[in-house]
Amino acid sequence: MLKSSLMTTQTKYQMVIGLEVHAQLKTETKLFCSCSTKFGAKPNQNTCPICMGYPGVLPVLNKKVVEFATKAGLALNCKIDPNCKFDRKQYFYPDLPKGYQISQFDKPICSNGKLKIFDKDIGIVRIHIEEDAGKLVHNSDNSADRLHGSDYSLVDLNRAGTPLIEIVSAPDIRSGEEAVAYVKELRKILMALDVCDGNMQEGSLRCDINISLNKAGEEYGTRAEIKNVNSFRSITRAIEYEFKRQSQLLDSGEKIVQETRLFEENSGKTFSMRSKEDSHDYRYFPEPDLVPLNIDLDFITKTKEELPELPSQKRLRYVAEFSISEEAATIISDDFALAALFEGTIILGADSVKVANWLTGSVSAYLNANETSINETKLTAENLNEMINLIQDGTISDNIAKTSIINTLLEKGGSTITIVEKEGLAQIADPAKIEAIITDIIKANPTQAEQFKQGNIKIKGFFVGQVMKITQGKAAPQLVNDCLDKLLS
Amino acid sequence: MSENITSKSAIELNRSFTSGELTAEEITKAFLERATKLNKDLNAFISLCPELALQKAKLLDQRLARGDDPKNLGKLAGVPIGVKDLINMIGTETTAGSNILKGHKSVYNATIVNKVINAGAIPLGKLNLDEFAMGSSNETSAFGPCKNPWDLSRVPGGSSGGSSAAVSAELVPLAFGTDTGGSIRQPAAYCGITGMKPTYGKVSRYGIIAFASSLDQAGPMTKDVKDNALLLEVMSGYDAKDSTSINTPAENYLDYIKDNFEKTGSLKGLKIGISDDLSADNLDHEMRSALDNTIKTYLNLGAEIVKVKLPHIKASLACYYIIAPAEASSNLSRYDGVRFGHRAETKDLESLYKESRTQFGKEVQRRIMLGTYVLSSGYYDAYYKKAQEVRRLIFNDFSTAFKECDVILSLTTPSTAFKFGAKSDPLEMYLSDVLTVPVNLAGLPSMSLNGGYDKEGMPIGMQLVGKALGEKVLYNTAYALEQSLIKELKKPNLTSFA
């Protein structure tokens, strides 16, 4: 019932989506004081009078933040405003110590950029620097996890004052798929630039979704802003839910209310937080405790020249330079550590297609199964190259490498040849040995041998299996084939 | 005996200490004794810190006794200082004159506190002020108003009224004031002392509770010009903790005075600007003639008097009362009862905010509302943005005027100190700052010093305004006037209540 109504509305309405992504910058210290930004400290351990907003304190800008924001802006094709300034955004909340957030209002550091996904440009309206708020921990005996249902709330200001950039997209996104692809690409870029750790679970990358519906050719509809969407899955679910909610309202002739809604992960639903009428008047004005920035133009030029290769550029180069498939190039270039291993192994002389096959096959499977990253493993360009060489020269079989070597290299590292010697995994490539084994098998299985001779080629697999069983997979596959043909014909 | 100590200037006290004539402990005890005795009537100090003071004094005495070079003990070694209670100092409560911060203990030192302590000064206590420095009479202090030592029925001025009264009554030789629209100069004028508001950015604001960030500036309040110059030399200088602080080389103002007026005895070559625009309506005859006498004195000293125009100055008060409350409304948001200061016992968040913040006094609440209004969506352009444009015009007025002169002379205030309760209308109160406010809007240095008395014996302040970073010229000009008037200068008669 629900599904069919979704089917009809899907053709009736198009969704218009704009995203605001908050990325925490990977600086050692906070935006305006020298407190650590490290995640996981004891509550209020990483605080000082400045980030707690004590009477009389003043902010001093962390220059690293300007550098990181400039990098992000340039990588996203933005214009950098060397004379941008900071403003105060004012509202009361217990996690906001000063009663205002230092942010950028009418002169953000970056503007007018774009990001390509699925061969489509998504506009970046602006990127601005701002400080994060703290965290409230609500405590209650009646288990309501909300401020007003709690008996009391605790304030943890460790996160207060950590540097963020807010990246605001144009309303160019038209589907949940595009939204996810956009955030994924953005995350990859920020990680490749080494300005954000991309950890969505710890809140290093958070997303607000603006979504409205309209009929093709008509003006944009009234939008709702969905807050607190903190995983790719949540982005998809929140958009799906919101599309359904808004299209049902429109179908029944009702109006969409401009409001801020909260996505709740457990139910997958969005709930109204506040309407436009209740929205804050932030009373922005220029921050008088800071002077306008004066970013050196040479610094901007130099930063642009020194930008690392971005994942999308890497992907194109891998296809062209290393003749690997687009699919493999995407998997490898998405993960800059995997990409580094890929190129490192090729430099040592390994065949690029073979390296790509290993990395996208067994290695990726291992990483996924163990939910780990390549940097956490012991696999290096040296031992991967050695393993591939040993397959190439026939010392080990491909099969043995897959079943008995690669996981050891990932878990313990070390040299393939040592493993081969220690475990006796060298390939049996002596025709006499193989023939002797096959002769024994034929003797033990006369019926199957007869079938093969009469033309049942399928039965050959049985014999190969028997050889591999006896040799524990060490027999050279081509040799087994050749010997079988010779002895059974 | 102890009056022989407390009547000394800071420079004399430092000399007495380093020469061994007086110990720092003797000096400190003499001032503590006088402050304790006279504060009952004056209410200049909100709190005294005798333990801290005596500990610092004894340490200095020990260092001198074990043979440390007196020069290494600092330029203010052995000299007590009073700290306006808006300035953070570890070991004291910093209340800003407000119930909302009653009992709030400082957790760090303001940069200027560190600077004077490193120079050997002995902090004596925290001085009374209008709540959050918002007021011109000390009547808005939550700790009761400080009184004028020249006449206890009159206000000492504000907001640094505790500082001016304490220095005038010799409870301390030196005091910190802060000046957002005249809060150093107006009380200095009302109490007959010397006060300097330095160029914006000359003195670090770190650790000083903010009223209006783009206007606030701390400065020295002292009995005479040389003490003032010495304290500014110590308290000023670049501070990486204050992004608006100016990085300029340190200046020795006393050497400058020595090389100029003290050497020549003349102000020949100095052009002093006077302006009908920097004046008040319906000026009292006595005020007018005090200014005329000062002009005559300067002419006798060889200075040239030139008339300058400051056409946009008449908009200063209106401009100030948009910008200052706007910034204040924001700066005072942090007093919400969550982390420090007064917290109302309530059941939910909204009433926690509302009830905690009712601890602000009427004048502070008025300015928060004013500031919130002018920054509201739809009003920002008409008020705040416009005021910033006017501010630029006022700055330009001064720049143009300073092409024709080196300093500008005016009265500091339109009248002498008024009686408590005399200005119940806030607008009338605001008008007492009409001559000082323009200088803060332009960010320029300016000082007030005594230039005579009215027929009731109340001091009349003269204001000198300088070019940006022109403090040394101001000090030389002020010193010349002070020396010319030295025989006429009086001290308040405290025998009636002491």
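Asn43(B) sits in the loop between α3 (24-42) and β1 (45-48) of chain B, where helices (H or I, at least four residues) and strands (E, at least two) are DSSP runs numbered from the N terminus. This is a predicted model, in which local features need pLDDT of at least 70, side-chain atom pairs count only at pLDDT 80 or more, and totals for chains, interfaces and linings use all residues. Residues are numbered from 1 along each chain as its sequence is written, chains are lettered from A in the order in which they are written, and side-chain values use heavy atoms, without hydrogens and water.

The phi of Asn43(B) is near 55°, a positive value in a residue other than glycine. Most residues other than glycine have a negative phi, and most peptide bonds are trans. A cis peptide bond, with omega about 5°, joins Gly158(B) and Ser159(B). Ser159(B) belongs to the loop between β3 (122-127) and α6 (161-168) of chain B.

Next come two helices of chain B. Helix α12 (residues 316-331) packs against helix α15 (residues 381-401) at an angle of about 125°, with the axes 9 Å apart; axes are lines fitted to C-alpha atoms over the stretch in contact, and angles run from 0 to 180 degrees between N-to-C directions. α12(B) is therefore oblique to α15(B) (under 35 degrees is roughly parallel, over 145 roughly antiparallel, 65 to 115 roughly perpendicular, the rest oblique).

Finally, the two chains meet: 32 residues of chain A are in contact with 37 residues of chain B (heavy atoms within 4.5 Å). Arg205(B) forms a salt bridge with Asp289(A), with the closest N and O atoms 3.1 Å apart (a side-chain nitrogen of Lys or Arg within 4 Å of a carboxyl oxygen of Asp or Glu).
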